[in-house]
Amino acid sequence: MQLALVRHLWGVDTGKDLEPRFAYWRDLGYEGIEAPLFAVSDFQRFRQALRDQAFFWIPQIFTGVDHSRSVEDHVRTLGEQMESCLEGRPIFFNAQSGCDAWSLQEAHKFFGRAVEIEKSIGVAVCHETHRSRYLGNPWNTMAILKRVPELKLTCDLSHWVCVAERLLPDCGEELAAAAGHCEHIHARVGYEEGPQIPDPRAPEWVNHLNAHETWWDQIWRAQRARGMQRSTLTPEFGPPPYMHTLPFTQQPLANLAEVCDWMALRQRERFAASQHGHGLM
């Protein structure tokens with residue numbers, strides 16, 4: 001199995017210097033771009049930059065805009081947003097989907113329909129474990145995976161840590177189930193009071209970094225066991241307000257680009273070591 005690093009455009013000004021940025025990311029070892037359609041100011045220019053660097057594209061899509069609770073609204077917006085991105089030939093979709101206020105029956109109805117739409121369009125959809133969404137905690141996710149076993153996940157476990165307010169010591173079964181369905185990783189480190197630690201390079205956060213890396217190791221093992229040929233990973237640290245800032249000045253506590261690249265290259269090294277039988281035990 002190969003690991004493909006993916007760069008997000010969150011916090012990046014796509015209206016200028018797009019091509020040099022893409023070339024720089026290609027030189028660092030990224031192979032794809034993850035971004036929603038609305039984040040791209042010039043879609044044709046964006047597509048050309050993707051082609052020039054031989055990047056693939058993972059569109060981010062969002063169901064039930066304006067926090068609708070209607071299952072039909074979520075179903076409709078899922079299909080519409082998938083269709084709107086097909087011109088860019090996505091390799092799969094990352095979807096923030098569903099509503100955290102739903103009953104299990106409502107969630108079952110939506111995710112069942114989502115799998116049908118995925119099959120009809122012919123492009124995979126990975127549903128993200130994200131706050132405010134139905135998959136935003138381990139227990140809802142476990143319940144729906146039992147009901148809809150075809151479901152594919154993007155695992156951003158920083159959200160689970162924040163929602164559960166702990167490093168998930170009691171969620172072994174739920175983490176294993178998520179790993180068994182995970183197609184894509186958002187490699188951000190969360191903590192008990194938020195979805196993003198100030199800087200993963202800082203020694204005071206080593207326990208949180210180690211916990212997340214243990215879960216990513218588990219995902220890679222599960223993906224290998226399923227025979228996946230390529231795993232994808234986005235170091236999805238974000239700008240303020242995700243990035244911590246100083247009071248009054250609102251200056252970020254860390255350099256976002258440096259943090260993202262540090263995380264990406266660290267996980268590439270760890271993954272390579274695991275391919276030779278080291279680590280991931």
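Start with the lining of the largest pocket: by class, eight nonpolar, four polar and four charged residues. Here Ala, Val, Leu, Ile, Met, Phe, Trp, Tyr, Cys and Pro count as nonpolar, Asp, Glu, Lys and Arg as charged, and the others, Gly among them, as polar. This is a predicted model: local features need pLDDT of at least 70, side-chain atom pairs count only at pLDDT 80 or more, and totals for chains, interfaces and linings use all residues. Residues are numbered from 1 along each chain as its sequence is written, and side-chain values use heavy atoms, with hydrogens and water left out.

The largest pocket holds about 260 Å³ of space. Of its 16 lining residues, W10, P36, Q60, F62 and E236 are the closest to the centre. A pocket is an open set of points on a 1 Å grid over the protein atoms alone, where a 1.4 Å probe fits, with protein on both sides within 12 Å along at least five of seven lines; lining residues have an atom within 4 Å of a point. Strand β2 (30-36) gives the largest share of that lining, three residues.

Next, the second largest pocket. Its volume is about 220 Å³. It too has 16 lining residues, and T63, G64, H67, S132 and R133 are the closest to its centre. By class, that lining has three nonpolar, nine polar and four charged residues.

Last, E174, in helix α7 (172-181). E174 is buried, meaning under 20% relative accessible area with a 1.4 Å probe, protein chains only.

Key:
Helix = DSSP H or I, 4+ residues; strand = E, 2+ residues; numbered from the N terminus. Buried < 20%, exposed > 50% of the residue type's maximum accessible area, 1.4 Å probe, protein only. Lys, Arg positive; Asp, Glu negative; His and termini not counted. Salt bridge = Lys/Arg side-chain N within 4 Å of Asp/Glu carboxyl O. Points joined across faces, edges and corners; volume = space filled by probe spheres on them.
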